[in-house]
Amino acid sequence: MAKMEDFVLPKMGESITEGTVLNWMVQPGESFEEGDILVEVGTDKVDNEVPATASGIMQEHLFNSGDVVEIGAVIARFEPVEGAVSTTKRTENSAQKATQKTSSEKPKQTPLKPKKAVTSSISNTQTSFVNVDRFISPLVESIAREHHISYEELARIPGTGKDNRLRKSDVIQYLNEGRPYQFAQSVTPEPDPTAYRIPQLNLDKGTGRVVEMDRMRSMIADHMVYSKHTSPHVTAYVEADLTDVVRFRESVKNEFQEKHGNKLTFTPLFVKAVASAIKEFPMINSSLDGKNIIVKEEINVGMATALPTGNLIVPVVKNADQKTLPELAADVNRLAGLARDNKLGGDDIKGSTFTISNVGTFGSLMGTPIINQPEVAILATGIIKKRAEVITENGEDRIEIRSMMMLSLSFDHRVVDGYLGGSFLKKVADNMALVPDLKDL
């Protein structure tokens with residue numbers, strides 16, 4: 001009898017505990033070589049290709065497309081064959097499909113069919129404690145919305161994650177158990193009858209071509225709604241005079257590329273300015289956990305980047321405050337290139353502590369960005385535009401053509417007040433106007 005080996009779903013990042021099977025690239029009976037992509041797996045952060053760790057022949061899949069699998073679980077079995085030659089024909093289309101990290105189609109999933117719910121006679125006597133301060137992830141919120149589970153009901157479900165946080169598997173198990181707390185009587189006080197409630201309006205959405213959201217767009221939508229629901233957003237604005245910096249970049253960009261092999265765009269200059277300002281105002285570099293503010297030790301700057309599909313993703317420049325301008329340029333160009341090619345990995349998009357969104361790339365004068373949870377602030381940079389400005393020098397006014405840019409900072413008013421937000425934003429603008437020292441190049 002042929003020896004069988006298990007194919008285990010590998011770790012895909014420190015904070016990732018489970019993934020969704022999107023597409024099997026090798027079917028039972030087909031052979032593969034070490035390094036061939038066997039399966040595509042989606043997480044709440046990014047889609048990943050999982051390669052074969054050895055050559056062999058696929059025997060069976062233990063999970064189907066749409067199934068949620070724990071990290072470390074056995075997802076398939078194969079017969080190891082030394083020096084096997086792949087029998088799966090890799091056409092250009094299949095190769096492109098195999099390397100595409102960001103799915104353009106939402107995987108088909110078998111709808112969850114909960115067992116019969118508890119009867120009303122039981123619910124009349126059943127009570128449960130409600131964890132009103134519980135953190136609800138966008139993924140869990142999406143599942144709850146699909147099955148019409150309220151926040152109050154979510155708060156009753158026991159969580160198995162860190163600090164009793166609710167995981168996707170907890171909600172799925174709760175549904176399969178028949179939603180035992182659906183009609184439970186809460187021991188928390190009744191809500192204030194004078195509190196504002198969102199009206200349920202039957203709006204006319206009109207007619208036209210229906211376009212279903214792909215998986216990533218759906219995740220983005222959930223993340224944005226969650227952010228606006230969670231954080232009281234306040235946005236502050238300031239102008240930065242980048243005339244000297246624009247002239248500096250124009251004068252050194254060719255020499256910089258020849259010396260370091262990387263283009264000098266404005267983004268690494270902006271990242272450097274932001275990282276320097278964060279060191280002076282560290283509370284901007286934090287997140288909120290219940291009633292506790294976690295001030296991050298590392299300064300990891302995320303860059304909101306457009307994908308070829310039109311969706312957005314946030315690759316992260318790690319330890320931005322510790323890197324030189326050439327090192328920042330190398331990181332920025334590498335991450336932007338991976339994003340364009342749909343090749344960002346899980347480590348490339350995790351761990352950000354502050355995010356920059358360059359809306360000026362699209363010609364926008366400025367924007368009001370939505371905070372990238374669980375951060376407490378996000379910066380938007382507008383288009384650099386030449387215009388006439390009044391310059392005062394030695395008590396005399398004169399008009400000059402200057403390169404100006406609008407900056408906007410959205411911040412979470414639970415953590416960041418107006419003084420901190422405004423002071424940090426002004427410091428970023430001042431840093432951006434500074435010409436780098438030539439010795440740093």
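Two strands pair if DSSP finds at least two bridges between them. Helices (H or I, at least four residues) and strands (E, at least two) are DSSP runs, numbered from the N terminus. This is a predicted model, in which local features need pLDDT of at least 70, side-chain atom pairs count only at pLDDT 80 or more, and totals for chains, interfaces and linings use all residues. Residues are numbered from 1 along each chain as its sequence is written, and side-chain values use heavy atoms, with hydrogens and water left out.

Start with strands β12 (residues 286–289) and β13 (residues 292–295). They run antiparallel and are joined by four bridges. Ser 286 stands opposite Val 295 in β13. The hairpin of β12 and β13 has two residues between the strands, and Gly 290 there takes a positive phi near 65°.

Now find an open sheet. Its four strands follow the order β1-β8-β6-β3, with antiparallel pairing. Which strands lie at the edges? They are β1 (5–8) and β3 (31–32), and each pairs on one side only. Four bridges link β1 to strand β8 (residues 74–80) in the antiparallel sense. Val 8 stands opposite Val 74 in β8. Strand β6 (residues 56–61) holds His 61. The C-alpha atoms of His 61 and Val 74 are separated by 9.4 Å, and the two residues are 13 residues apart along the chain. Is His 61 buried or exposed? Buried means under 20% relative accessible area, exposed over 50%, and partly exposed in between (1.4 Å probe, protein chains only). His 61 has 18% relative accessibility, so it counts as buried.

Next comes helix α8 (residues 266–280). It has 15 residues and reaches 22 Å from its first C-alpha to its last, close to the 21 Å expected at 1.5 Å a residue. That expected span is 1.5 Å times one less than the number of residues. The buried residues of α8 include Leu 269, Phe 270, Val 274 and Ile 278. An α-helix has 3.6 residues a turn, so residues three or four places apart point the same way.

Look at the start of α8. A side-chain oxygen of Thr 265 reaches to within 3.4 Å of the backbone nitrogen of Thr 267. This is a polar contact: a pair of N or O atoms within 3.5 Å; within protein, one must be able to donate a hydrogen and the other to accept it, and residues adjacent in sequence count only if both atoms are side-chain atoms.

Finish with some backbone exceptions. Most residues other than glycine have a negative phi, and most peptide bonds are trans. Asn 319 has a positive phi near 50°. It lies in the loop between β16 (316–317) and α9 (325–340). At 22% relative accessibility, Asn 319 counts as partly exposed. Asn 342 also has a positive phi, near 55°. This residue is in the loop between α9 and β17. Its relative accessibility is 12%, so Asn 342 counts as buried. A cis peptide bond joins Gln 373 and Pro 374, with omega about 5°. Pro 374 is in the loop between β17 and β18.
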